[in-house]
Each structure stands twice: as C-alpha cells, then as structure tokens.
Amino acid sequence: MDQKAFEENYNHYEAICLPADYSANEKAEADKNEESKEHDEAYNIQYENYVSYTNSEYCEENTIDTQSMPTQPAELCESIQFEREAMFYEALAQEIEVEASEIIRQVNLITDYRLDIKNVLKNIVLDTFSAFHQNVQAHIYGSVATGLALPESDMDIVVMGINCFGNRDTHVANIVSLYNNIVNSFEDNVLVKHKKIVDTQVPIIKLEFCLEEYYNDKLSHGIMNLPYINFSSEESINPVLRVLAVDISICDSFNTDEHQGMKAANFIESNLIEYPVLKSVC
C-alpha cells in the first residue's frame, strides 16, 4: 500500500471509529496511557524476576534492604538492573580468582618435576655431545621459561653449541644419537611415548613422561628430591597432568639471540621484570 492510500484509509477509520470531538490532545493522552500500561507490565515482570533472583541460592547470603527499594517503576527497574549486574560481575570475579588460584597451585605442584626432568635431559645431552663439542648447552624456552605456562603446557628445550655447518645429514645424525641415548636412559613405564621427526625443516624429538612413575623410579634409587603428588586423586591434581610432554630440537648457533624461541622468551622475561603487572593478565 502506498502512502496516499494509507492516509486515505486512516482518515476513513478516524471518521467512522472516532467521535467527532476526539481531539489531538486526547489521542496523545490515550497513546501515553497505552505506553504507561506496557511500561507497568514490564515493571511487574522485572519485579517478579527481581524477587526470584534475590531469593535464589546465590543471593541467600546477601541482605536486601526492602525499605529503601524505589517505588517508581522506572527507578525500580533501573535499580534491579544495576544490582543484578553488580552481583553478576562480583560472582564472575570470584570465579576467575578461584580458577586462577587453582591454576597457580597445579603449576607449582609440577614445576619441580619439569625442572628435574630438564636437568636429567641436559646431562644426557652433555654425555652425548661433550666429547666432540666444548660449548654444549640445553635451554628451556617457551611458556615454561617465561613462567607463563599452564599446568598442561609442554616443555620446549633447545640444544645449542653443536655446529653442523649447515649440513642437514649431520644435523639429523645428531638428533638420532640424542634420541637413542634418551630412550636408553629411561624405563618404558617412565618414558611412555617417544619419537623422532627428521623429515621436517627443523628435526625434533618428542617425548612424554609419566610423572607418577618418574617419581617412583627416583624413589626406588633413593633419590627423594621431588614433592609427593597423589596423581590418582582428582582433588589433588588434574589427571591429565600425570604426563609431561617435552620437545627437543638442536640449533647450530652458539648465540641464543639467533634462536627465535629463545629470543622471544628473553623478550617476554625482560618485560615481565620491568612490568610485573603484565603477568597477571597473561
């Protein structure tokens, strides 16, 4: 229907349905009353929601001051909205704090295990290459190095000081030698998964350690330098954290700044020292 036809039909409706003395002011007043009715209905719904919400399990400990409750619908709706949002964000902040505390607790539980395994692997690296290379080093990089690791984060290690002079065959041979020595250094129930990947641009060794068996193995040799963790209890630690994944690569360079992972870790560490507040938002 075009505009002209609509106006004609509406004028016809006014002539038939509205009394002659139905002025523009009366029409405005009727519209206002209709709007007020709709507003009151919305207010009643909001009020019912408010009562239901404040009687909920979450709000049992909160004291609701009904004496100071606004009586006008608009004011009450605004007050309800404000209080509900305040309660929501307060609950959200508490949930985040609890979750963050639990993450920190579990990270702290396995930190000693991570560092101990790193030191054992470092010794294997030295045993493998020190006879031929004088400046062999093993460095952790990534989130474990920066202190931003989550409990389930893997550990990245780069071996440096072994110059292959760009010879890929020598690089792969070094990976294979290190891999074999690592596999021969652990029981199968401790090193539960392992593989070498040499057909990529950066050859890598991938390992998975069972931390529970790692602890038991050290204990059987009279070494008690690790905290006990009840890995069978889900209340003590997340079951997925029974296994620690480790990736090892070899870098030809002697300079840690030439390895992108080490360079990034050093950059993050320096900024966390300068701006400690960053750690809480990372």
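Which residues are buried in H7? They are Gly-261, Met-262, Ala-265 and Leu-272, where buried means under 20% relative accessible area, exposed over 50% and partly exposed in between, with a 1.4 Å probe and protein chains only.

## Basis of the model

This is a predicted model, in which local features need pLDDT of at least 70 and side-chain atom pairs count only at pLDDT 80 or more, while totals for chains, interfaces and linings use all residues. Residues are numbered from 1 along each chain as its sequence is written, and side-chain values use heavy atoms, with hydrogens and water left out.

## Overall layout

The chain has 8 helices and 5 strands. Both are DSSP runs numbered from the N terminus: helices are H or I with at least four residues, strands are E with at least two. Their order along the sequence is α-α-α-β-α-β-α-β-β-α-β-α-α.

Of the 282 residues in the chain, 28% are buried. The accessible surface comes to about 18,500 Å², by the Shrake-Rupley method with a 1.4 Å probe; for residues, only the protein chains shown count as cover. Carbon and sulfur atoms hold 51% of that surface. Contact means heavy atoms within 4.5 Å. Among contacts between residues at least 6 apart in sequence, 67% join residues at least 24 apart.

## The nonpolar cores

A nonpolar core is a set of buried Ala, Val, Leu, Ile, Met, Phe, Trp, Tyr and Cys residues joined through side-chain atoms within 4.5 Å. The largest one here has 38 residues, and Leu-121 and Ile-248 have the most contacts inside it. Seven elements are listed as giving two or more residues to this core: helix H3 (73–129), strand E1 (137–141), strand E2 (155–160), H5, strand E4 (204–210), helix H6 (211–220) and strand E5 (243–250). H3 supplies the largest share, 7 residues.

Beyond its neighbours within four places in sequence, Leu-121 contacts Ile-157, Ile-182, Phe-186, Leu-207, Phe-209, Val-246 and Ile-248. A second, separate core has 6 residues, among them Val-158, Met-160, Met-262 and Ala-265.

## Helix H5

Helix H5 covers residues 168–185. Its 18 residues should span 26 Å at 1.5 Å a residue, and its end C-alpha atoms are 26 Å apart, which agrees. The expected span is 1.5 Å times one less than the number of residues. Buried in H5 are His-171, Val-172, Asn-174, Ile-175, Leu-178, Tyr-179 and Ile-182. They cover an arc of only 155 degrees around the axis, which puts them on the same side of H5. The arc is taken from the directions from the helix axis to the C-beta atoms. Asp-169 and Asn-184 are exposed on the other side.

Asn-174 counts as buried at 12% relative accessibility. Leaving aside neighbours within four places in sequence, Asn-174 is in contact with Phe-129, Ile-162, Cys-164 and Ile-250. Asp-169 counts as exposed at 62% relative accessibility. The N-terminal end of H5 is capped by Asn-167, with a side-chain oxygen 3.0 Å from the backbone nitrogen of Asp-169.

## Helix H7 and its surroundings

Helix H7 (residues 260–274) has 15 residues. From first C-alpha to last it reaches 21 Å, close to the 21 Å expected at 1.5 Å a residue. Gly-261, Met-262, Ala-265 and Leu-272 are its buried residues. Seen down the axis, they fall within an arc of 95 degrees, so they line one face of H7. The face turned away from this buried side carries the exposed residues Gln-260, Phe-267 and Glu-274.

Thr-146 lies in helix H4 (residues 143–146). At 10% relative accessibility, Thr-146 counts as buried. Not counting residues up to four places away in sequence, Thr-146 touches Ala-265, Ile-268, Glu-269 and Leu-272. The side chain of Thr-146 also reaches the backbone oxygen of Ser-143 at 3.1 Å and the backbone nitrogen of Leu-148 at 3.5 Å. A polar contact is a pair of N or O atoms within 3.5 Å; within protein, one must be able to donate a hydrogen and the other to accept it, and residues adjacent in sequence count only if both atoms are side-chain atoms.

Val-158 sits in strand E2 and is buried, with a relative accessible area of 0%. Not counting residues up to four places away in sequence, Val-158 touches Gln-137, Ala-138, His-139, Tyr-141, Ser-249, Cys-251, His-259 and Met-262.
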